[in-house]
Amino acid sequence: MPPLDTLAARLEYLFDKIRPTPDELSDADESGRRYTNREIADKINEVATETGVTISAAYIGELRRGVASDPRTSHVRALAAAFGVNSGYFVDDAAARRTEDQIALLNELRRMDVKQVALRQVLTDNGLSATDTRLIEQMVARLRAVAAGAGTGPSTEPAERG
């Protein structure tokens, strides 16, 4: 993954990784699509009476491209709130790394069976390496296949070596 060392790169990362919720999509919208600049601007502007912050889709585009690179603090906070992340994500490397890790975990939870993710976390928390964790996940998947009847009969697959 390229370094996220600019506001533009960090903002683009959020657009790339965070997707609209089902409640935000219309029936005609494609599930899993990216937010548009307009949608993020609308999210910010919808709460402008509470926050006092408004923003244009064009300005968000300029921030994403790095044309504008020094937004007001209120804009940074509003962008963070629109994506549901801590505003420190845009200015603090440690906060950015934590946010990226959380987004990766959430995306993994959506993509995979939650039980598998929980197993991986338990194994990692107990000091197993990534290789050992993958091996255990493969063993669990094989056992599930056997239990479901998919693995009956002699195996024709070569044994994996790690």
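Q: Is T6 buried, partly exposed or exposed?
A: In this predicted model, T6 has its place in the segment before helix 1, which spans 7-17. The relative accessible area of T6 is 41%, and because buried means under 20% and exposed means over 50%, this value falls in between. T6 is therefore partly exposed.

Q: Which residue has its backbone nitrogen 3.0 Å from a polar atom of the side chain of T6?
A: T6 belongs to the segment that comes before helix 1, and its side chain carries a polar atom that takes part in this pairing.

Q: Is R10 buried or exposed?
A: R10 lies in helix 1, and, leaving aside neighbours within four places in sequence, R10 is in contact with residues including L4, Y89, F90 and D92. The relative accessible area of R10 is 4%, and because the cut-off for a buried residue is under 20%, R10 counts as buried.

Q: How many residues of the contact of helix 2 with helix 5 are charged?
A: On the side of helix 2 the contact is made by I40, K43 and I44, and on the side of helix 5 by A78, L79, A82 and F83. These residues divide into 6 nonpolar and no polar, and because Lys is among the residues that count as charged, K43 of helix 2 belongs to the remaining class. The number of charged residues in this contact is 1.

Q: How many helices does the secondary structure of the protein come to?
A: From the N terminus on, the elements run α-α-α-α-α-α-α-α, and the count of strands is 0. The number of helices is 8.

Q: What percentage of the residues of the protein count as buried?
A: The protein exposes about 10,800 Å², of which carbon and sulfur atoms supply 52%. Of its 162 residues, the share that counts as buried is 31%.

Methods:
Residues are numbered from 1 along each chain as its sequence is written. This is a predicted model: local features need pLDDT of at least 70, side-chain atom pairs count only at pLDDT 80 or more; totals for chains, interfaces and linings use all residues. Side-chain values use heavy atoms; hydrogens and water are left out. Helices (H or I, at least four residues) and strands (E, at least two) are DSSP runs, numbered from the N terminus. Buried means under 20% relative accessible area, exposed over 50%, partly exposed in between (1.4 Å probe, protein chains only). A polar contact is a pair of N or O atoms within 3.5 Å; within protein, one must be able to donate a hydrogen and the other to accept it, and residues adjacent in sequence count only if both atoms are side-chain atoms. Contact means heavy atoms within 4.5 Å. Accessible areas come from the Shrake-Rupley method with a 1.4 Å probe; for residues, only the protein chains shown count as cover.
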